[in-house]
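Trainee: Please take a close look at one part of this model for me. I would like to go through the disulfides.

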Amino acid sequence: MKNMNMKLNTIALIIAIAFSVWSSSCTAARVSHWRKLKAAASATSFNVLDYGAKGDGHADDTKAFEDAWAAACKVEGSTMVVPSGSVFLVKPISFSGPNCEPNIVFQLDGKIIAPTSSEAWGSGTLQWLEFSKLNTITIRGKGVIDGQGSVWWNNDSPTYNPTEVMLESNGRLPSTKPTALRFYGSDGVTVTGITIQNSQQTHLKFDSCTNVQVSGISVSSPGDSPNTDGIHLQNSQNVVVYSSTLACGDDCVSIQTGCSDIYVHNVNCGPGHGISIGSLGRENTKACVRNVTVRDVTIQNTLTGVRIKTWQGGSGSVQNIMFSNVQVSGVQTPISIDQYYCDGGRCRNESSAVAVSGIHYVNVKGTYTKEPIYFACSDNLPCSGITLDTIQLESAQETKNSNVPFCWEAYGELKTTTVPPVECLQRGNPSKEGGINSNIDSC
C-alpha cells in the first residue's frame with residue numbers, strides 16, 4: 001500500500017509539473033502573441049506627434065504631417081493619426097499617390113487650421129489639403145478642418161471681422177482662394193464624421209474620383225461668405241452623400257460636368273444657395289451630367305432649393321434627374337431650371353445650349369419667399385420631360401403674394417394637381433426635340 005501511495009504521489013507530481021510547464025508555455029505564448037499584435041498595430045499606425053508635430057496651433061506642423069504620411073504611404077492598411085486635444089497649423093500640403101499602398105486611413109480627431117499669413121500661400125494655390133491619386137482612402141474621426149477663411153472673404157461681408165483673425169504680415173493674400181479639402185483622381189474615397197468650417201472657398205471637392213461615400217460630416221460657414229460651396233463634385237462617378245449638415249455661403253452641394261450616378265439623401269442644407277446641378281456650359285464648353293437622385297432632404301433659408309443652371313452657348317446635356325421628398329422653409333425659389341444663367345458681367349444671347357431633359361420633382365413641400373417655381377428654358381433647346389408630382393409650395397409672407405410659377409419653353413407633365421397651380425408647363429414634347437436628342441447623344 002505504501003509503495004502504491006508513493007507511485008500515486010509521483011504521478012501526481014509529474015502531472016502537476018507538466019501542467020505548470022504547459023500553463024507557463026501558454027501564458028508565454030499569449031504574451032508573445034499580444035506583443036506581436038501590439039507591434040503590428042504600432043507598425044501600421046503613424047501619429048503626427050511622433051514625427052515632430054507640436055500641436056500648439058502656432059508652430060508649423062507641415063513637415064511632421066508630410067513625414068507621417070510618407071511612412072503611412074508605404075504600408076497597406078495603415079493609419080495616419082491626428083490625435084485629439086491638439087491644434088495643428090498646416091500649410092498647403094498634398095498627400096499623394098499613385099505609389100502609395102491601398103486602404104490608408106487618415107484618422108482625424110484633433111483640429112487642423114490653415115495659416116493666415118500671406119507668406120504661407122505664396123503666389124496662390126487651388127487647394128489647401130489635397131489627397132490625390134489614391135486607392136481606397138478614408139478620412140474619419142471627430143476632428144475639425146478650419147480654413148480660417150474670414151481673412152479671405154470680401155471685406156464688405158457683414159460677418160467679416162479683420163480683428164478676429166489678423167493677417168500675420170503686411171502682405172496681401174493671393175487672389176485665388178483655395179479649396180479646403182480636395183480629392184483628385186482617387187477611387188474608393190470615404191469621408192465620415194469630420195467637421196469642415198470657415199473654408200477659404202469650397203469646403204470639400206471631389207475631382208475625377210470614383211466610388212465616393214460621404215456621411216455624417218458637418219460643413220459650417222456664414223451664409224454670406226463668398227463662394228464657400230459645401231460639397232463640390234466634378235468629373236466624378238458613383239458618389240453617395242448622406243446624413244450630413246451643410247451650412248455655407250454658396251451651393252450646399254454643387255454637381256458639375258462629368259458627374260453621373262450621384263445619390264444625395266438625408267441632408268440638411270442651409271444657409272446657402274441650395275442643391276444645384278451646374279452651372280454648366282460656361283464659355284461655350286460641353287457639359288454632361290446624368291443619373292442624379294436627391295431625396296429626403298431639408299432646405300431652409302437658402303437662395304434656391306433644387307436647381308439646374310446652365311449658360312447660353314454651351315453644349316451637352318443634363319438628363320435623368322430626380323428630386324424627391326424635399327422639404328423647404330423660407331427658400332427664395334424652391335424649384336428652378338435656368339438656361340440663361342449669367343453670373344455677373346454682360347452675357348450675350350447665344351443659340352446653343354446644354355440640353356435639359358427627364359427632370360422629375362416628387363413631393364416637394366414647404367414655403368418660399370420669392371417665387372415657387374422658375375423654369376427658364378432655351379428658345380432653341382427647350383426643356384423636355386419635366387414631371388411634377390405632389391408639389392405644395394406656399395408663400396412664407398404673412399400676406400400671401402401673387403407670385404405664380406414661371407415657365408418659358410418648358411415641356412412636361414403634371415402627375416397631380418399642384419399648389420400653386422402650374423398652368424404654364426406645356427404638355428407633350430417640343431417640336432425642336434431633335435436638337436435636344438443630338439445634344440444628349442454627344443455625351
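Mentor: A disulfide here is a pair of cysteine sulfur atoms within 2.5 Å. The model is predicted. By that rule it holds six disulfides.

Take Cys-288 and Cys-443. They are joined by a disulfide, S to S 2.0 Å. The torsion about their S-S bond is about -85°, so the link is left-handed. This pair connects distant parts of the chain, 155 residues apart. Cys-288 sits in strand β22 (residues 286-300), and Cys-443 in the segment after α4 (433-441).

Now Cys-73 and Cys-100. Their sulfurs also form a disulfide, S to S 2.0 Å. The link is left-handed, with -105° about the S-S bond. Cys-73 lies in helix α2 (residues 62-73). Cys-100 lies in the loop between β5 (93-96) and β6 (104-108), 27 residues apart from Cys-73. Both Cys-73 and Cys-100 are buried.

Next, Cys-252 and Cys-269. Their sulfur atoms are 2.1 Å apart. This link is right-handed, with 80° about the S-S bond. Cys-252 and Cys-269 are both buried.

Finally, the overall pattern. With the bonded cysteines of the protein chain numbered in sequence order, the pairing reads 1-2, 3-4, 5-12, 6-7, 8-9, 10-11.

Key: Residues numbered from 1 in each chain as written. Predicted model: local features only at pLDDT ≥ 70, side-chain atom pairs only at ≥ 80, totals over all residues. Heavy atoms only, no water. Helix = DSSP H or I, 4+ residues; strand = E, 2+ residues; numbered from the N terminus. Buried < 20%, exposed > 50% of the residue type's maximum accessible area, 1.4 Å probe, protein only.
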